[in-house]
Amino acid sequence: MSTNYMYENNFEDIYIADVGSIAKIKDLKSKYNNKLTYISGGTFNGYCYKDYNTFKNDPDEICYVAESGFSKEPLLVDYVNENKDKLIKDGGFSTANSIKEEVRNELKYEEYFYEYEKNGIVYTIEAKDFDEKLIEEIATDVFDIVDWQSTQSFLCETDWGDCIADYYDKKLQKGDLEI
C-alpha cells in the first residue's frame, strides 16, 4: 500500500480559483497531511491554476501555475511561497507583476515599435518607451488567454504587433499621444 498522498486523494477545498483550487491534504498516512497544495483545473488544452482575483488585487502573489508546474509530488503552497522568485524565473509560475515584466522583456527583445506620421514627420515609439497602460493590456490578454503553458512561452509565440498598432492608433485618434 502506497503512502503517497495521491493514494487517498482526500482534499478539503480551502480556496476555489477560476481554474483549479487550493486545498488541504487530508490523509493521516501521508507526510503531507494538513498541508495546503495547489490543485490544477482542466481547460480545453490542458491543466493549470488561474486566479483572476489574485491577478487583479495581489500583483506580487502567485495567480497562475502552468501545467508544467504540477508533478507527481504535491505542489505545496508553502514551498511555492518560499521559492517564488526562483520558480517564476524558471517558468511555469506567474504573478501579475511578473507577467508585466515578461511583456516588457519580450517586446524589447523582439524590438517592437510603433511609427506614425504627424505634420509630415515620421515618429517612432520604441518598445522601451511603450506606456504602462499598453503593458497592462497585453499582460491582461496573456492572463486571459493562456490556459496550460507558461506565460513566457505564450508571450514569445505570439506576435503583438497588431495589438500595439491598435492601441496607439486609438490613442492617436483621441489625441492622447504626446510627441
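Student: Let's start with charged side chains. How many salt bridges does the structure hold?

Tutor: Side chains of opposite charge can pair when their charged atoms come close. In this predicted model, there are 8 salt bridges.

Student: Which residue does lysine 84 meet in a salt bridge?

Tutor: Its partner is glutamate 61, with an N to O distance of 3.7 Å. Lysine 84 belongs to helix α4 (residues 84–90), while glutamate 61 sits in the loop between α2 (52–57) and β6 (64–65), so the pair ties together parts that are 23 residues apart in sequence.

Student: Is lysine 84 buried or exposed?

Tutor: Lysine 84 is buried, at a relative accessible area of 16%. Glutamate 61 has 36% relative accessibility and counts as partly exposed.

Student: Helix α4 came up already. Where do aspartate 90 and lysine 86 lie?

Tutor: Both lie in helix α4, 4 residues apart, which is about one turn of the helix. Aspartate 90 and lysine 86 form a salt bridge, their closest N and O atoms being 2.6 Å apart. Aspartate 90 and lysine 86 are both exposed.

Student: And which residue forms a salt bridge with aspartate 131?

Tutor: That is lysine 171, and the closest N and O atoms are 2.6 Å apart. Aspartate 131 is in the loop between β10 (121–126) and α6 (132–145), and lysine 171 is in helix α8 (residues 161–174), so this pair ties together parts that are 40 residues apart in sequence.

Student: Which residues are linked in a network of salt bridges?

Tutor: Look at Glu101, Arg104 and Glu132, which are linked in such a network.

Student: Now the strands. In what order do the 4 strands of the open sheet come?

Tutor: Strands of a sheet pair through backbone hydrogen bonds, either parallel or antiparallel. Here the order is β4-β5-β6-β8, and the pairing is antiparallel. The edges are β4 (41–42) and β8 (93–94); each has a single partner strand, so one side of each is left without a neighbour in the sheet.

Student: How many bridges join β4 to β5?

Tutor: There are 2 bridges between β4 and β5 (residues 47–50). Within β5, cysteine 48 is the bridge partner of glycine 41.

Student: What do β9 and β10 form?

Tutor: They form a hairpin with 2 residues between the strands. Asparagine 119, in the turn, has a positive phi of about 55°. Strand β9 (residues 113–118) runs antiparallel to β10, joined by 6 bridges, and tyrosine 116 stands opposite tyrosine 123 in β10.

Terms used:
Residues numbered from 1 in each chain as written. Predicted model: local features only at pLDDT ≥ 70, side-chain atom pairs only at ≥ 80, totals over all residues. Heavy atoms only, no water. Salt bridge = Lys/Arg side-chain N within 4 Å of Asp/Glu carboxyl O. Buried < 20%, exposed > 50% of the residue type's maximum accessible area, 1.4 Å probe, protein only. Pairing = 2+ DSSP bridges.
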